[in-house]
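Please look over the chain shown below.

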Amino acid sequence: MTIGNGLRRVCALGMVSVGGLLAACSSNPFEEQPVPTCPAAYLPKDTAKLVQFAGGGKDLTDVIVEAEFTGYLGDCGYDLDDKTLDVIISPIITAELGPAAQGRSASFKYFVALRDPDGKFVQKSVFDVTMPFADNLNMARYRDEQVTLSVPLDDVWAGPDYEIYLGFQLSVDQLDYNRRFGTN
């Protein structure tokens with residue numbers, strides 16, 4: 001064995017030893033810590049659609065606008081030190097002007113609510129929307145700005161057990177209409 005081969009073998013053993021020491025460490029300061037998953041989001045069928053009628057009418061000719069949630073974009077984040085859950089969501093709504101529409105826009109409200117694992121709603125925010133329609137179109141798609149809900153948690157690992165709900169803020173008559181005539 002030559003001196004060069006002996007040095008290579010010592011260097012190789014030294015590298016294995018250093019690797020063994022790194023593997024023996026219980027935690028790597030550069031490794032990302034796991035975080036809980038985001039809560040599930042729901043669009044309840046009876047609040048996912050809105051039909052606005054002119055006056056007291058309930059006929060198809062009295063429809064001002066029909067709007068519907070067609071989806072959402074969302075994410076969440078956890079502050080592990082402050083024990084908070086931040087939910088970020090951006091609803092997507094499509095709408096169609098009806099025969100009773102008087103202008104080229106429609107106004108309505110929607111909500112984003114957070115329900116805890118015990119079934120209690122711990123936060124609800126209501127947002128106003130004025131949806132514009134192009135002069136030559138009676139249909140439009142609208143994606144609202146990002147909405148953020150921030151909730152303190154006793155245990156961040158309970159975050160995935162929360163639920164997010166989106167829907168239109170309906171009057172009693174509008175909710176009754178959706179329940180009676182169904183929402184496809």
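Does D46 count as buried, partly exposed or exposed? D46 counts as partly exposed, at 23% relative accessibility; buried means under 20% relative accessible area, exposed over 50%, and partly exposed in between, with a 1.4 Å probe and protein chains only.

This is a predicted model, in which local features need pLDDT of at least 70 and side-chain atom pairs count only at pLDDT 80 or more, while totals for chains, interfaces and linings use all residues. Residues are numbered from 1 along each chain as its sequence is written, and side-chain values use heavy atoms, with hydrogens and water left out.

**Fold and surface**

- The chain has 2 helices and 9 strands, taken as DSSP runs numbered from the N terminus (helices H or I, at least four residues; strands E, at least two).
- From the N terminus on, the order of elements is α-β-β-β-β-β-β-β-β-β-α.
- The chain has 184 residues, of which 33% count as buried.
- Among contacts with a separation of 6 or more, 70% come from residues 24 or more positions apart; a contact means heavy atoms within 4.5 Å.

**Salt bridges**

- The whole structure holds 4 salt bridges, each a side-chain nitrogen of Lys or Arg within 4 Å of a carboxyl oxygen of Asp or Glu.
- One of them pairs R179 with D46, with the closest N and O atoms 2.9 Å apart.
- This pair links distant parts of the chain, 133 residues apart: R179 is in helix α2 (residues 172-181) and D46 in the loop between β1 and β2 (49-53).
- R179 is exposed, at a relative accessible area of 57%.
- E66 and K49 also form a salt bridge, at 3.5 Å from N to O.
- Because E66 lies in strand β3 and K49 in strand β2, the pair ties together parts 17 residues apart in sequence.
- E66 counts as partly exposed, at 31% relative accessibility.
- D128 and K109 form another salt bridge, their closest N and O atoms being 3.2 Å apart.
- That pair links strand β6, which holds D128, to strand β5, which holds K109, across 19 residues.
- D128 counts as exposed at 59% relative accessibility, whereas K109 counts as partly exposed at 40%.

**Disulfide**

- The structure has 1 disulfide, defined as a pair of cysteine sulfur atoms within 2.5 Å.
- C38 and C76 are the two partners, with an S to S distance of 2.1 Å.
- The link is left-handed, with -100° about the S-S bond.
- C38 counts as partly exposed at 37% relative accessibility, and C76 counts as buried at 15%.

**D116**

- D116 sits in the loop between β5 (105-115) and β6 (121-132).
- D116 is buried yet has no salt bridge, and the nearest side chain of opposite charge, K120, is 5.8 Å away; Lys and Arg count as positive and Asp and Glu as negative, with His and the chain ends not counted.
- The D116 side chain reaches the backbone nitrogen of D118 at 2.9 Å.
- Leaving aside residues up to four places away in sequence, D116 touches V122, D161 and Y162.

Conventions
Polar contact = N/O pair within 3.5 Å; in protein donor to acceptor, adjacent residues only side chain to side chain.
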